[in-house]
Amino acid sequence: ARLFLAPGIVMLTLAWAWPVQAQSAATAREMRMWLMRIHGAASHSNFQGTFIVSGGGSVTSARIAHYCDGRNQFERIESLDGPARQVFRHNDVVHTFWPASKIAQVEQRELLTAFPALLIAGDDRIHEVYEVQPQAGERIAGREAHVLWVRPRDAYRFGYRLWADKASGLLLRSDVLGDKMEVLETAAFSDVAIGIRPQFDSVLQPMRRLEGYRVLRPVLRTTTLEAEGWAVRSVPPGFRQVSGVRGRIDAAALAKDGAAERDVLQWIYSDGLTHVSLFIEPYEATHASQPSTTSIGATQTLMRRQGAWWITAVGDVPVATLYVFVNGLERSR
């Protein structure tokens, strides 16, 4: 469902030291300062390790490596479960390989999955919808970590608990929390090496080896709701649009479902920490006739027909939040 977003692991990094006595909620200024440091640290860390995501009864793992050289970033991700998949990223150019089917997808992506998203949205009002509070430190993946509790101020979003390496600031573990403080999803390193020597060729060389692969090059065009004949009359508090694109899916190649290529619109809304994607495509007979929802860990999906269109809303938010988005979506012409 996350069609135009990077399928790799989202890396969150922290770069501050908590005072031992600091147990009260952070002020808006402190919150902004810490999140700015998070963003900066995420771009300048060299690390590699095994990253495991568990939630909703499923567990997936991947080997991930991240290198930086000034403004250049390099990333390598290899799935360890299910069909083999390899992802290589050099800045905003991403190559995804499926060795079994000999398909490679080459695309240029906005890094909307970077944390915190408020820096992409150009918004610093995250404190209006979240409260940040430091907790007692713990040990994760063999390393001492600071712990940060991010609490939502309303029912439109989930909470988070983050464990950041004391020495480097790299995020070692993150939990997504429901309204009863239950853990919906956990993402954590089982092993990690920080401050390693960068290996840029381990990313660049595989990106040049496209021989023998069917190469897909999706073209995304920036667009607006108005230009596509749509309008969103209402969104949950704190969410703002950060992206809108039109793209073409080669469904037969990727899903092997026999469907023809089709255009899909995607709108992305962010509250500063998480985001919701709205996908709009023509309704087809293969789609369900009744609305449906699915839940996998923290990720909720709502699918519904709206006249001649099929709407899919996806996000790490309560399903009620998705209904607000979909109910506010209207054709303007």
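Visitor: What is the relative accessible area of phenylalanine 97?

Guide: This is a predicted model, with residues numbered from 1 along each chain as its sequence is written. Local features need pLDDT of at least 70 and side-chain atom pairs count only at pLDDT 80 or more, whereas totals for chains, interfaces and linings use all residues; side-chain values use heavy atoms, leaving out hydrogens and water. Buried means under 20% relative accessible area, exposed over 50%, and partly exposed in between (1.4 Å probe, protein chains only). Phenylalanine 97 is buried, its relative accessible area being 3%.

Visitor: Which geometry does the aromatic pair of phenylalanine 88 and phenylalanine 97 adopt?

Guide: Rings of Phe, Tyr and Trp (its six-membered ring) pair if their centres lie within 6.5 Å; planes under 30 degrees apart are stacked, over 60 edge-to-face and the rest tilted. The structure holds ten such pairs. In this one the rings are 5.9 Å apart centre to centre, with 75 degrees between the planes. Phenylalanine 88 is buried at 6% relative accessibility, and the geometry of the pair is edge-to-face.

Visitor: How many residues apart are tryptophan 230 and tryptophan 309?

Guide: These two rings also form an edge-to-face pair, 5.7 Å centre to centre with 75 degrees between the planes. Tryptophan 230 is buried at 1% relative accessibility, while tryptophan 309 is partly exposed at 24%. Strands and helices here are DSSP runs (strands E, at least two residues; helices H or I, at least four), numbered from the N terminus. The pair links strand E14 to strand E20, distant parts of the chain, at a separation of 79 residues.

Visitor: How many residues does the largest nonpolar core have?

Guide: A nonpolar core is a set of buried Ala, Val, Leu, Ile, Met, Phe, Trp, Tyr and Cys residues joined through side-chain atoms within 4.5 Å. Those with the most contacts inside the largest core include Trp230, Trp267 and Val276. The elements giving it two or more residues are strands E14, E16, E17 and E20 and helix H5. A second, separate core includes Ile77, Val94, Leu172 and Phe189, whereas the residue count of the largest core is 18.

Visitor: Which residue forms a salt bridge with arginine 173?

Guide: A salt bridge is a side-chain nitrogen of Lys or Arg within 4 Å of a carboxyl oxygen of Asp or Glu, and the protein has 13 of them. Arginine 173 is partly exposed, with 26% relative accessible area, and also lies over the face of tryptophan 163 at 4.4 Å from the ring centre (the rule being CZ of Arg or NZ of Lys within 6 Å of the centre and within 35 degrees of the ring normal). The closest N and O atoms are 2.9 Å apart, and the partner is aspartate 175.

Visitor: Which strands do the buried residues of H3 pack against?

Guide: Helix H3 spans residues 201-208, and its buried residues are Val203, Leu204, Pro206 and Met207. An α-helix has 3.6 residues a turn, so residues three or four places apart point the same way. Taking contact as heavy atoms within 4.5 Å, these buried residues pack against strands E2, E3, E4 and E5.
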